[in-house]
Amino acid sequence: MQVGFIGLGQMGSGMAARLLTSGENIKVFNRTPEKMQAFADQGAQAASNLQDFADADVVFTMLADDPAVTSLVLEENGLITQLRPGAVHVSCSTISVALSAQLAAAHAKAGQEYLAAPVFGRPDAAAAGKLFLVLAGKPELIASLQTLFDVIGQRSFVVAEAPEKANLVKLSGNFLIASVIESLGEAMALVEKGGVDRHAYLDLLTSSLFNVPLYKNYGALLADRKFTPPGFAAPLGQKDMRLVLAAAENLDVPLPLASLLRDRFIRLAAEGGATRDWSAVGALAAQDAGLLP
């Protein structure tokens, strides 16, 4: 199988590195060419442009947002004009529900296949093959690529046949994660202002009521106030709150907490938080309480 991978950022580089262990022929592309060299050194082919994917059986994309995906896939000379009929595009990016539906229609018109496969997990999980994949598409297509999904992640969840449903689930999950970050940050600010050590408080929470990885991982970032380098940059969190609200509006589902979170991310951006991890939004509560400048 000829496998392509486009997008070698923090998440994509870990996923592409995992695919290099699959035994398939791997070809990579990144708009910053230097990022391809490490993969070429390990035996991958470095594509000079999107035309190099004309012989691909399946191409994974892991890109930052809707504009990046639109530019690389749908615009003039984009991926959709280069893939042969029958080839598969697997989009792992966290994008809007509307764009995912547009991609499905465009690929179908071109005689190509499309799957949505957004993932849950941070860069360390990507590098270790421990991501959770949310899959939506034709069942037989998913089955044909399951061995590759098993290399990338520890478990796959098939949620629907319509690809955009996977993106809806992914956005809902990121909304929940942001909700945890905000509420945990507020609770930690409360007890710290009252004289309780925030690290001891986190140990209590994660050893009793909330003994789960999400609270442990993000709680540690909040307790240590370690927000750089970002594992998931704050502007991406702001983008996801905007996208989940757009999906909710389209479905007539009020999400008042998502509106609050969007505004918290906007405030973080206004105060220079663009280079910080999105968990830094939880530290705004400590700032509000006078615990931070």
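The points below take up the basis of the model, the domains, the annotated site, a surface patch and the salt bridges.

1. Basis of the model. This is a predicted model, in which local features need pLDDT of at least 70 and side-chain atom pairs count only at pLDDT 80 or more, while totals for chains, interfaces and linings use all residues. Residues are numbered from 1 along each chain as its sequence is written, and side-chain values use heavy atoms, with hydrogens and water left out.

2. Domains. The protein chain is divided into domain 1 (2-161) and domain 2 (168-289), with bounds that come from an automatic or database domain assignment. The centres of domain 1 and domain 2, taken over C-alpha atoms, are separated by 28 Å. To the contact, domain 1 gives 15 residues and domain 2 gives 18 residues, where contact means heavy atoms within 4.5 Å.

3. Annotated span. In an unreviewed entry, UniProt places the annotation "domain: 3-hydroxyisobutyrate dehydrogenase-like NAD-binding" on residues 166-281; such positions are given in the numbering used here, feature names are shortened, and annotations may be inferred rather than shown by experiment. Residues 166-281 are 71% helix and 0% strand, and the end C-alpha atoms of this span lie 26 Å apart. Helices (H or I, at least four residues) and strands (E, at least two) are DSSP runs, numbered from the N terminus.

4. Annotated site. Lys170 is listed by UniProt, again in an unreviewed entry, under "active site", and Lys170 is placed in helix α9. Is Lys170 buried or exposed? Lys170 counts as buried because its relative accessibility is 7%, the classes being buried under 20% relative accessible area, exposed over 50% and partly exposed in between (1.4 Å probe, protein chains only). When neighbours within four places in sequence are left aside, Lys170 is in contact with Thr94, Pro118, Val119 and Phe120.

5. Surface patch. A nonpolar patch on the surface is formed by Phe132, Phe157, Val159 and Val169, which together have about 280 Å² of accessible area. Patches are made of residues with over 30% relative accessible area and no salt bridge, with like charges joined within 9 Å and nonpolar side chains (Val, Leu, Ile, Met, Phe, Trp, Tyr) within 5 Å; accessible areas come from the Shrake-Rupley method with a 1.4 Å probe, and for residues only the protein chains shown count as cover. Val169 lies in helix α9 (residues 164-193) and counts as partly exposed, at 31% relative accessibility.

6. The structure holds twelve salt bridges, each defined as a side-chain nitrogen of Lys or Arg within 4 Å of a carboxyl oxygen of Asp or Glu. In one of these, Arg84 pairs with Asp57, the closest N and O atoms being 2.6 Å apart. This pair links distant parts of the chain, 27 residues apart, with Arg84 in the loop between α4 (79-82) and β5 (88-91) and Asp57 in the loop between β3 (45-46) and β4 (58-61). Arg84 is partly exposed, with a relative accessible area of 31%, and Asp57 is also partly exposed, at 28% relative accessibility.

7. A salt-bridge network. Arg267 meets Asp288 in a salt bridge (2.7 Å, N to O), a pair that links distant parts of the chain, 21 residues apart, from helix α13 (residues 256-270) to helix α14 (residues 284-288). Salt bridges that share partners join Glu182, Arg264, Arg267, Glu271 and Asp288 into one network. Within it, Glu271 forms a salt bridge with Arg267, the closest N and O atoms being 3.0 Å apart. Arg267 is partly exposed at 24%, as are Glu271 at 43% and Asp288 at 47% relative accessibility.
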